[in-house]
Amino acid sequence: MDGELIIRPVELAVFFILALVAFGLEVWALLDCVRHKSAAFEATGKRTKTFWLALTGGATLIGVISLFSSGGIFGTLGLFGLAAVVAASIYLADVRPAVKDAGRGGSRNTGPYGGW
């Protein structure tokens, strides 16, 4: 019984920190998606801006709920919290670099190793 009194607060703190990190990742993905133009998404073939706004917005909403739920990211939402982190991570790892490059345009003088 004494072990539970020690471990439970530590477990809740770890889950809260994980939920906080996940929420930060989801907010970053949403804000980055908002700032890019719709044409950049279509030019790269990465679906539409509306699709990614809905996906990252939903992930952020789940992140908010997960952050304030009693069990943290793996608590009451479980698989939904994990799916939200995965969706935001896919946007940041795959879509963001492509859209970022498409948004620059072809007018800049860049060499094989970057800008001059």
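Okay, let's start with Asp-94: its relative accessibility is 39%, so it counts as partly exposed. For the terms, buried is under 20% relative accessible area, exposed is over 50%, and partly exposed is in between, with a 1.4 Å probe and protein chains only.

Before going on, this is a predicted model, where local features need pLDDT of at least 70, side-chain atom pairs count only at pLDDT 80 or more, and totals for chains, interfaces and linings use all residues. Residues are numbered from 1 along each chain as its sequence is written, and side-chain values use heavy atoms, leaving out hydrogens and water.

So what does Asp-94 meet in a salt bridge? Its side chain pairs with that of Lys-46, at 3.1 Å from N to O. A salt bridge here is a side-chain nitrogen of Lys or Arg within 4 Å of a carboxyl oxygen of Asp or Glu. Asp-94 sits in helix H4 and Lys-46 in the loop between helix H2 (38–44) and H3, so this pair ties together parts 48 residues apart in sequence. Helices, by the way, are DSSP runs (H or I, at least four residues), while strands are E runs of at least two, and they're numbered from the N terminus. Lys-46 is partly exposed too, with a relative accessible area of 21%.

How many salt bridges does a search of the whole structure find? Four. Let's look at Asp-32, which counts as buried because its relative accessibility is 4%. Its side chain meets Arg-35 in a salt bridge at 3.2 Å, N to O. Arg-35 is exposed, at 54% relative accessible area.

Asp-32 also has a salt bridge to Arg-96, again 3.2 Å from N to O. This one links distant parts of the chain, from H1 to helix H4 (residues 79–104), 64 residues apart. Arg-96 is buried, like Asp-32.

Now for helix H3. Its buried residues include Trp-52, Ala-59 and Gly-63. Seen down the axis of H3, the buried residues fall within an arc of 125° (taken from the directions from the helix axis to the C-beta atoms), so they line one face of the helix. The face turned away from that buried side carries exposed Thr-50, Ala-54, Leu-61 and Phe-68.

Last stop: Val-21, in helix H1 (residues 2–35). Val-21 counts as exposed, at 57% relative accessibility. Its C-alpha is 9.6 Å from that of Gly-63, 42 residues apart along the chain.
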